Amino acid sequence: MALNRAFRLRKNSDFQRVRQQGGSTASRLLILAWKPNDQATLRVGFVVSKRISKRAVQRNYIKRLLAEAVRPLLADIPPGWDIVFSARNQIVGVRLPVLIQDVSTLLRRARLLEGSPHPVETKELNTRKGF
């Protein structure tokens with residue numbers, strides 16, 4: 001079952017706004033970008049480029065896996081945010097439980113899950129040295 005249409009980012013301009021003006025953090029599998037929106041709803045978008053796979057079938061499968069990984073966490077994310085998950089090359093072949101763990105780790109690092117401190121508006125939150 002697909003992620004509800006009301007919770008999805010659909011316009012290219014929205015994706016660009018979030019990725020260019022919002023905060024971001026990364027893991028081995030994903031890059032998370034977030035920005036407050038002017039609506040009272042939470043919207044999520046997924047990006048899987050042709051660098052990941054030339055086959056649309058595989059790219060769409062990864063997007064569906066990402067949607068399933070985000071779905072249980074939607075209730076814990078406060079409304080009013082636009083969130084974009086961009087896949088990295090290592091995501092190919094990853095199982096859903098690993099993806100769920102990675103998504104929740106990124107959301108906690110970005111302080112977007114309920115129970116964590118307020119979201120940070122920095123451009124980069126990588127914890128590795130040299131960033």
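**View 1. Four strands make up an open sheet, ordered β1-β2-β4-β3, with mixed pairing.** Strands here are DSSP E runs of at least two residues, helices are H or I runs of at least four, and both are numbered from the N terminus. Two strands pair if DSSP finds at least two bridges between them. At the edges sit β1 (23-26) and β3, each pairing on one side only. This is a predicted model, where local features need pLDDT of at least 70, side-chain atom pairs count only at pLDDT 80 or more, and totals for chains, interfaces and linings use all residues. Residues are numbered from 1 along each chain as its sequence is written, and side-chain values use heavy atoms, with hydrogens and water left out.

**View 2. Strand β2 (residues 30-36) meets β4 in the antiparallel sense, over seven bridges.** Look for alanine 33, which stands opposite valine 84 in β4.

**View 3. Helix α1 (residues 12-21) packs on the sheet and touches β1, β2, β3 and β4.** Contact means heavy atoms within 4.5 Å. The direction of α1 makes about 100° with that of β2; axes are lines fitted to C-alpha atoms, for helices over the stretch in contact, and angles run from 0 to 180 degrees between N-to-C directions. Helix α2 (residues 56-70) lies across β2, β3 and β4, at about 150° to β3.

**View 4. Here's the one aromatic pair in the structure.** Phenylalanine 46 and phenylalanine 85 are stacked, 6.1 Å centre to centre with 20° between the planes (ring centres within 6.5 Å make a pair, and planes under 30 degrees apart count as stacked). Phenylalanine 46 is in β3 (residues 43-47) and phenylalanine 85 in β4 (residues 81-87), so the pair ties together parts 39 residues apart in sequence. Phenylalanine 46 is buried at 14% relative accessible area, and phenylalanine 85 is buried at 1% (buried means under 20%, with a 1.4 Å probe and protein chains only).

Notes
Rings of Phe, Tyr and Trp (its six-membered ring) pair if their centres lie within 6.5 Å; planes under 30 degrees apart count as stacked, over 60 as edge-to-face and the rest as tilted. Buried means under 20% relative accessible area, exposed over 50%, partly exposed in between (1.4 Å probe, protein chains only).
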